[in-house]
Amino acid sequence: QVQLVESGGGLVQTGASLRLSCAASGGTFSSYAMGWFRQAPGKEREFVGCISWTGHTYYVDFAKGRFTISRDNAKNTVYLQMNSLKPEDTAVYHCAADRSFSGVQLKPDYWGQGTQVTVSS
């Protein structure tokens with residue numbers, strides 16, 4: 001069983017940066033695709049982006065140019081660097097792991113509990 005634990009969230013002002021981390025345990029981290037999702041109050045969860053086991057990254061439009069996903073397989077950790085944060089980025093951010101990512105759509109097998117990001121205006 002894979003366990004994912006996010007950290008790094010917090011309260012920041014518009015324009016600030018945050019780096020979220022997601023530490024994985026209990027599985028073969030280097031073979032999983034890792035993704036980030038977010039859920040704002042009253043809204044459905046939405047995909048942010050992901051990184052394949054080979055290091056290829058994919059982002060949705062709102063994340064392109066502002067967010068960067070990276071991974072450190074030696075530390076079993078995936079990161080989400082967020083720059084130029086906006087109030088609309090306020091959400092709970094979850095990381096997820098996919099054991100069989102095909103490069104088309106991330107279908108998580110495991111989820112973290114999430115970390116709150118709040119961006120004040």
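Mentor: Let's begin with β3 and strand β8 (residues 77–82), which run antiparallel and are joined by six bridges. In this predicted model, L18 stands opposite M82 in β8. Both strands belong to an open sheet of four strands, with the order β1-β3-β8-β7 and antiparallel pairing. At the edges stand β1 (3–7) and β7 (67–72); each has a single partner strand, so one side of each is left without a neighbour in the sheet. On average, neighbouring strands of this sheet are turned by 15 degrees against each other, direction ignored.

Now follow β3 to its cysteine. C22 forms a disulfide with C95, and their sulfur atoms are 1.9 Å apart. That pair lies inside the cut-off of 2.5 Å, and the count comes to one disulfide. The link of C22 and C95 is right-handed, with 45 degrees about the S-S bond. It ties together distant parts of the chain: C22 sits in strand β3 (residues 18–25) and C95 in strand β9 (residues 91–98), 73 residues apart.

What about burial? C22 counts as buried because its relative accessibility is 0%, and C95 counts as buried for its value of 0%. There is also C50, which is in no disulfide; the nearest cysteine sulfur, that of C95, is 13 Å away. C50 counts as buried too, at 2% relative accessibility, since buried means under 20%.

Conventions:
Residues are numbered from 1 along each chain as its sequence is written. This is a predicted model: local features need pLDDT of at least 70, side-chain atom pairs count only at pLDDT 80 or more; totals for chains, interfaces and linings use all residues. Side-chain values use heavy atoms; hydrogens and water are left out. Helices (H or I, at least four residues) and strands (E, at least two) are DSSP runs, numbered from the N terminus. Buried means under 20% relative accessible area, exposed over 50%, partly exposed in between (1.4 Å probe, protein chains only). Two strands pair if DSSP finds at least two bridges between them. Axes are lines fitted to C-alpha atoms, for helices over the stretch in contact, and angles run from 0 to 180 degrees between N-to-C directions.
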